[in-house]
Amino acid sequence: MNKKDISILLVDDEPDILEIVGYNLTAEGYTVITAENGVEAVKAAKKKKPHLIILDVMMPEMDGIEACEHIRKLPDLQNTIITFLTARGEDYSQVAGFDAGADDYITKPIRPKVLVSKVKALLRRLKEEESSDNVVKIGNLVINRDEYKIVKDKKEIVLPRKEFELLSLLASKPGKVFKREDILDKVWGNEVIVGGRTIDVHIRKLREKIGDNSFKTIKGVGYKFVV
């Protein structure tokens, strides 16, 4: 996929950030769409279906967390990568962002060139997903990586992006114990700093949706998927 074919939705209520970041991303060859609040972001996402959304957290009318929740409910945007712009030290915003379905976060202030590098790293995930096996069948569970779809007992289950990627990773090798650091690296990427608690929260949600017996905790090590 060429850069000109990749669209990025940039959402922030500060005109300077929209102008500076938008300029640098456009200079890299990406197609940039801008919005100034969460309401505009949801409308733009529905209309343009961007590959990546960069969302500020604190905005008028609708904040980034709520906007992310709305966007994640749209079937056509299940594959869209969402990253938050958060102020340094806003741990609550980071956790709330992941819970809302975000893939990543970028800490402000950040130099435009560094942000562009972060964006390139995020977009590499699109290529990785395109090259992966399409469908995995394990017992009564079917994982369609192309469509980000889960079917269990012939019933479709909708999962946020990170829950899907975590399930897809664990189910790729049933019975194998995945270490916590490997999970963080493969699902969240080593360009992101998140705590082990983030994994626990996502595993808990997967147990609720897929079944408690499908996941086993190996204390002090990590998790494995059980058939």
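Tutor: Arg204 and Glu208 pair in a salt bridge, with 3.4 Å between the closest N and O atoms. Side chains of opposite charge can pair when their charged atoms come close.

A word on the source. This is a predicted model, in which local features need pLDDT of at least 70 and side-chain atom pairs count only at pLDDT 80 or more, while totals for chains, interfaces and linings use all residues. Residues are numbered from 1 along each chain as its sequence is written, and side-chain values use heavy atoms, with hydrogens and water left out.

Back to the pair. Arg204 and Glu208 sit four residues apart in helix 8 (residues 196-210), about one turn of the helix. Helices (H or I, at least four residues) and strands (E, at least two) are DSSP runs, numbered from the N terminus. Arg204 has a relative accessible area of 41%, so it is partly exposed. Glu208 reaches 58% and therefore counts as exposed. Elsewhere, salt bridges with shared partners link Arg72, Asp103, Arg161, Lys162 and Glu165 into one network.

Glu165 and Lys162 form a salt bridge at 3.1 Å, N to O. They are three residues apart in helix 6 (residues 161-171), which means a separation of about one helical turn. Both Glu165 and Lys162 are buried.

The whole structure holds 15 salt bridges. One of them joins Asp56 to Lys108, with the closest N and O atoms 3.1 Å apart. Asp56 belongs to strand 3 (residues 52-56) and Lys108 to strand 5 (residues 104-108), so this pair ties together parts 52 residues apart in sequence. Asp56 and Lys108 are both buried.

A patch takes residues with over 30% relative accessible area and no salt bridge; like charges are joined within 9 Å, and nonpolar side chains (Val, Leu, Ile, Met, Phe, Trp, Tyr) within 5 Å. Lys and Arg count as positive, Asp and Glu as negative; His and the chain ends are not counted. Each charge is placed at NZ of Lys, CZ of Arg, CG of Asp or CD of Glu.

One surface patch is negative: Asp13, Glu14, Asp16, Glu19, Glu36, Glu40 and Glu61. Its member Asp16 lies in helix 1 (residues 15-27). Asp16 counts as exposed because its relative accessibility is 54%. A positive surface patch gathers Lys173, Lys176, Lys179 and Lys186. Lys176 is in the loop between helix 6 and strand 10 (178-179). At 38% relative accessibility, Lys176 is partly exposed.

Finally, the setting. The protein has eight helices and twelve strands. Of its 227 residues, 49% are buried. The accessible surface is about 11,700 Å², with 49% belonging to carbon and sulfur atoms. Areas come from the Shrake-Rupley method with a 1.4 Å probe; for residues, only the protein chains shown count as cover. Among contacts (heavy atoms within 4.5 Å) between residues at least 6 apart in sequence, 58% join residues at least 24 apart.

Note on methods. Salt bridge = Lys/Arg side-chain N within 4 Å of Asp/Glu carboxyl O. Buried < 20%, exposed > 50% of the residue type's maximum accessible area, 1.4 Å probe, protein only.
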